[in-house]
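Please look through the structure below with the sequence beside it. The report that follows takes up a few helices, ring pairs and backbone details in turn.

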Amino acid sequence: MKKVFIILVGIISITFYVAVMAQTTDEVMNHCVKFITHPYISDGQQYRALLNEDEVAEFHATFYGGSTYRIAACTGNSDGALIFSVYDSDRHLLFTNRDYENTPYWDFKFKSTVDCIIEAQLDNKIKNSGLAVMLIGFKQ
Amino acid sequence: MYLNHNNWSVRIVLGIFVLFAAYACSNEEEKEKELEVKVDSSASTMLKFNNTLFSVPSPHQMAFLAKNQKVDYNKEFLNPTSNASKYTNDFKKALNMGVYGANLGYVNIYEQNQDAINYFAVIKSLATQLNIIGAFNPKVISRIEKNMNNKDSLLYIVSTTYRNADQYLKDNRRDDMGVLILTGGWVESVYIMTQICAKQKNDEIMYRIGEQKHPLENLIKILSPFYNQSEEYQKLIDAFIDLAYDFDAIDFKYNYEEPTVDVKNKLTTVNGKTEVIISPEQFKKISEKIEKIRTSIVGY
């Protein structure tokens with residue numbers, strides 16, 4: 001009987017955990033998609049990483065010359081808890097939202113095609129763990 | 001004591017169950033209110049390779065370049081919609097869903113409305129066969145169909161729908177299908193560019209083809225975890241690795257320049273410049289290999 005009880009609680013707890021995590025992901029996504037609106041067109045992909053404390057997610061992307069992009073980066077359903085920084089392939093810092101109160105989105109106009117590395121990490125003053133979602137939109 | 005313990009057990013289990021049921025109901029109500037496509041998610045199925053993620057540019061951007069270069073619309077470059085019914089396995093269906101997505105972007109940018117209707121019908125059919133029609137709910141389908149004449153709206157909705165399909169597949173532990181859709185889209189867009197250049201030399205488009213070196217590397221990294229999944233994956237990845245050698249021979253020169261920032265408009269202008277030096281021979285070799293890969297994808 002005790003075993004059945006433990007298994008049942010286990011199953012329900014796991015199901016509950018997955019459901020809560022699903023809601024968390026949807027919450028972050030629903031919040032983040034608000035920043036990729038017309039005239040920005042989604043690149044058709046969704047990027048996410050589960051971050052803990054000072055963990056850094058690294059993200060490699062190519063941005064075409066002559067295009068303007070919007071990068072939106074979110075965690076949770078409120079703004080300001082995710083730091084994202086954009087570097088070129090030689091690791092020159094091109095932008096960090098740390099300089100702008102951890103703004104959840106920023107636009108980038110590329111004069112020439114540049115291969116970039118985007119780093120995302122939690123602002124530990126606000127959050128110690130969470131799901132980070134990054135979206136990219138472009139306009140011609 | 002045993003009975004008491006058992007009573008408590010039942011109460012705890014019931015309590016958790018009620019909590020879960022209440023949560024599920026409230027979540028269901030919220031979902032009903034949503035107008036956009038929503039998908040169920042699980043953080044345990046992230047596309048995450050040692051905390052490094054890779055992006056492949058949207059195939060629609062290539063089509064914009066062709067249009068901006070005043071290159072004429074050419075339906076011959078596209079995969080005929082009649083081929084769709086001949087793809088019998090999920091591997092081919094997913095790849096060609098990517099191909100047709102790139103085709104829909106191309107016909108849409110060139111405002112070929114009748115073709116857009118046909119390509120959308122094929123994508124809808126493949127999505128149903130791949131069990132990802134969840135990302136194409138009736139409201140989205142209706143929005144797409146109503147906006148067939150509106151180039152900007154259609155592209156926005158289609159791109160968003162492909163992103164939702166990407167999320168849907170990741171959430172349902174079908175990352176492999178998502179990666180194949182991405183792959184098909186990339187191959188088709190590069191193929192169209194090489195065909196345009198083969199007909200009429202165009203430096204801008206040729207440079208854009210050369211710039212595919214890193215997107216190709218990213219694509220290989222995204223596909224690699226599935227290498228042992230089947231012989232089809234192995235052949236596809238091996239063909240990309242072979243292609244990557246040709247891209248490695250292209251000369252790149254990048255010069256960093258200080259970016260300029262417009263804080264008011266939340267805009268950074270990236271002033272660094274990349275120079276791509278691609279010879280006609282290199283272009284020819286890449287074109288041939290892309291055509292071969294593309295033929296293996298759209299063939300049946």
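## An enclosed helix in chain B

In this predicted model, helix α6(B) is largely enclosed by the rest of the structure, because 18 of its 21 residues are buried. From its first C-alpha to its last, α6(B) reaches 30 Å, close to the 30 Å expected at 1.5 Å a residue. The helix is followed by R173(B), whose phi is positive, near 55°.

## A helix with a buried side

Helix α4 of chain B, which runs over residues 113-129, has 17 residues that should span 24 Å at 1.5 Å a residue, and the 25 Å between its end C-alpha atoms agrees with that. Which residues of α4(B) are buried? They are D115(B), A116(B), Y119(B), F120(B), V122(B), I123(B), L126(B) and A127(B). These residues cover an arc of only 160° around the axis, which puts them on the same side of α4(B).

After α4(B) comes N131(B), which has a positive phi, near 60°.

## The two chains in outline

Chain A has 1 helix and 9 strands, and from the N terminus on its elements run α-β-β-β-β-β-β-β-β-β. Of the 140 residues of chain A, 60% count as buried. When contacts in chain A with a separation of 6 or more are considered, residues 24 or more positions apart account for 79% of them. Chain A exposes about 5,800 Å², and carbon and sulfur atoms supply 55% of that area.

The secondary structure of chain B comes to 11 helices and 5 strands, and 53% of its 300 residues count as buried. Among the contacts in chain B with a separation of 6 or more, 74% are between residues 24 or more positions apart. The accessible surface of chain B comes to about 14,100 Å², of which 52% belongs to carbon and sulfur atoms.

## Aromatic rings and charges

Over all chains, the count comes to 19 aromatic pairs. One of them joins F63(A) and F110(A), whose rings have their centres 4.9 Å apart and their planes at 10°, so the pair is stacked, given that planes under 30 degrees apart count as stacked. Because F63(A) lies in strand β3 (residues 57-63) and F110(A) in strand β7 (residues 105-110) of chain A, the pair ties together parts that are 47 residues apart in sequence. Both F63(A) and F110(A) are buried. The rings of Y69(A) and F110(A) have their centres 5.8 Å apart and their planes at 85°, so this pair is edge-to-face. Y69(A) lies in strand β4 (residues 68-75) of chain A and F110(A) in β7, so here the parts tied together are 41 residues apart in sequence. Y69(A) and F110(A) are both buried.

Ring pairs also link F84(A), F95(A), Y100(A), W106(A) and F108(A) into a cluster.

## Loops and backbone details in chain A

Most residues other than glycine have a negative phi, and most peptide bonds are trans. With that in mind, a cis peptide bond joins H38(A) and P39(A), with omega at about 10°, and P39(A) has its place in the loop between α1 (2-32) and β1 (41-42) of chain A. Phi of N102(A) is positive, near 55°, and N102(A) is found in the loop between β6 (93-96) and β7 of chain A. Is N102(A) buried or exposed? With a relative accessible area of 8%, N102(A) is buried.

E53(A), in the loop between β2 (47-52) and β3 of chain A, likewise has a positive phi, near 40°. E53(A) is among the residues that N128(A) touches, together with L51(A), N52(A) and L122(A), not counting residues up to four places away in sequence. N128(A) itself is in the loop between β8 (114-122) and β9 (129-139) of chain A, and with a relative accessible area of 45% N128(A) is partly exposed. From C-alpha to C-alpha, N128(A) and E55(A) are 9.7 Å apart in space, although 73 residues separate them in sequence.

How values were computed:
Residues numbered from 1 in each chain as written. Chains lettered and ligands numbered in written order. Predicted model: local features only at pLDDT ≥ 70, side-chain atom pairs only at ≥ 80, totals over all residues. Heavy atoms only, no water. Helix = DSSP H or I, 4+ residues; strand = E, 2+ residues; numbered from the N terminus. Expected span 1.5 Å × (residues − 1). Buried < 20%, exposed > 50% of the residue type's maximum accessible area, 1.4 Å probe, protein only. Arc of directions from axis to C-beta. Contact = heavy atoms within 4.5 Å. Areas by Shrake-Rupley, 256 points an atom, 1.4 Å probe, with all protein chains shown as cover. Phe/Tyr/Trp six-rings, centres within 6.5 Å; stacked < 30°, edge-to-face > 60°.
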